[in-house]
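Hello,

Here is the structure you will be working with.

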Amino acid sequence: MGARVIMVASGKGGTGKSTVAVLTAGRLAARGRRVLLVELDSGLRSVDYIAGVYGKTVYDVEDVFSGRCAAGKAIVESPLYPDLYVISAPYSGGSVREAALQVFTERAKPVFDDIVLDTAAGMGAPFEAALAVADSVLLVITPDPVALRDGHIVCDALAARGLENIRLIINRVPPRLDGCGIRDLDECIDTVGAQLIGVVPESGDVRTAGATGTVLPQKSTAYRVFDAIAARLCGESVPLIVR
């Protein structure tokens, strides 16, 4: 059977999807799992920086898909998260082809426990290609009406394609929701229509980790949230952490 394939998606840009993908993948790796994180957002590359492999990559996912190099040459282990391996998107150009991604994931499955696909925002070619190979989806939204509406559209599209294992992550949640345009987190869950797996607080620790390519402090609430998300993905029953 090999690795399970987890797709990380969002309906709109600016939800912090790539940061969520890296931090979740990092906590999965910390649980003794061998994890491959594949960035599919061509031209908007960021995963290499967040995962601490910036400057260490020579090849990217487009080089692999086009046959310019073997996959092993493009995969780099994160110095921040042992057992997390990263293959970056190109800085510009490139395209995600469904057939190429299918071949790549089938070859990678025997080597890894989890393959995490960081798609582009919306439902373009990276989304469609990832959907063709994914076993489950982490749908990332922020607590605002536009993100809820777009999250609902994406969730319906996923369900229409027969993918039922969809889990919701509400990211960048402030201490108070006044001024966000929503009543409460239940409105987020009900509007999108996916089962909640994590609530990530608005956090300077997360912003710093993403901006500087460093790990979250273990004492931070966000660290505990991502650890709990990884635990749930591994089938453990842990309480929901809501600050």
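This is a predicted model: local features need pLDDT of at least 70, side-chain atom pairs count only at pLDDT 80 or more; totals for chains, interfaces and linings use all residues.

Residues are numbered from 1 along each chain as its sequence is written, and side-chain values use heavy atoms, with hydrogens and water left out.

Aromatic pairs. Rings of Phe, Tyr and Trp (its six-membered ring) pair if their centres lie within 6.5 Å; planes under 30 degrees apart are stacked, over 60 edge-to-face, and the rest tilted. The count by this rule is three aromatic pairs. One of them is Y49 with Y54, which is tilted because the planes stand at 55°, with the ring centres 5.5 Å apart. For accessibility, buried means under 20% relative accessible area, exposed over 50%, and partly exposed in between (1.4 Å probe, protein chains only). Y49 has 38%, so it counts as partly exposed, and Y54 has 53%, so it is exposed.

Y85 and F112 form an edge-to-face pair, 5.9 Å from centre to centre and with 65° between the planes. Y85 lies in strand β4 (residues 84-87) and F112 in the loop between α5 (98-108) and β5 (114-118), 27 residues apart. Helices (H or I, at least four residues) and strands (E, at least two) are DSSP runs, numbered from the N terminus. Y85 and F112 are both buried.

Helix packing. In α7 (residues 145-160), L148, G151, H152 and C155 meet E187, C188, T191 and V192 of α8; contact means heavy atoms within 4.5 Å.

Regards

Methods
Axes are lines fitted to C-alpha atoms, for helices over the stretch in contact, and angles run from 0 to 180 degrees between N-to-C directions.
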